Amino acid sequence: MDDRNDRAAPIRSFVLRQGRFTPAQQRAFDLHWSRWGLDYTGTLRDLDRTFGRRAPRVLEIGFGNGEQLLHAAQAEPDRDFIGIEVHRPGVGRLLNGLADADVDNVRVYAHDAVDVLRDEFAAATLDEVRIFFPDPWHKKRHHKRRLIQPAFLALLATRVRDGGRLHLATDWAGYAEHMREALEGMPQWRVDARHADPSIRPPWRIETHFELRGRRLGHGVWDFVYERI
């Protein structure tokens, strides 16, 4: 079955806890969305045309306030970055940051990641996917809402080129074990031998405010880096 035609209502892995949407964040959408924002259309997107060049493409899902995404775009100017985040206050903060830094190798969706991956990205479009600190849904009855599930990892595998990379990070031990078990069950992914120790943070990921808060609460942090095969 063509996955583009499968419109069965999925279990969402997020809850829209929008918080306070400040006037500055609304101005960010008003002023900057036309430059950095991508509207979900449900049709394949020509990313070469979107960015005006052909370059390695990195997708970050659930970028929060966008500090990691902005850092990566500045540190890796030879790569193009796409961010997906459903929480509009965080998107607004990133838009303001992009405007202040005047970087042009980032585009942003304010939409559900599964829809975007399924409908707007062609096969083998991406060189890397980064998912840092997704909601752990730590109560057992909510585990089905976790983003990292076999079906989602299989979808990612269709959109990442052979030899591409998947980088997951979490500060919840139970979710770390869930991630490891899910990845080990997927024939499309294998551990990147260069980054095999999940206790070592890869150099391209900064230590975010969210992560520092978790460390203060006594949480460990696990980074899983896998290669598409």
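A residue is called buried if its relative accessible area is under 20%, exposed if over 50% and partly exposed in between, with a 1.4 Å probe and protein chains only. Asp80 counts as buried because its relative accessibility is 1%, whereas Arg53, at 31%, counts as partly exposed. The model is a predicted one, in which local features need pLDDT of at least 70 and side-chain atom pairs count only at pLDDT 80 or more, while totals for chains, interfaces and linings use all residues. Residues are numbered from 1 along each chain as its sequence is written, and side-chain values use heavy atoms, with hydrogens and water left out.

The structure holds 22 salt bridges, a salt bridge being a side-chain nitrogen of Lys or Arg within 4 Å of a carboxyl oxygen of Asp or Glu. One of them joins Asp80 to Arg53, with the closest N and O atoms 2.6 Å apart. Another is formed by Arg130 and Glu76, whose closest N and O atoms are 3.5 Å apart, and both of these residues are buried. In a further salt bridge, the side chains of Arg118 and Asp115 meet at 3.2 Å, N to O, and both Arg118 and Asp115 are buried. Through salt bridges that share partners, Asp48, Arg53, Arg54, Arg57 and Asp80 are joined into one network.

Charged groups also lie over aromatic rings, which requires NZ of Lys or CZ of Arg within 6 Å of the ring centre and within 35 degrees of the ring normal. Arg88 lies over the face of Phe29, at 4.0 Å from the ring centre, and Arg205 lies over the face of Phe132, at 5.8 Å from the ring centre.
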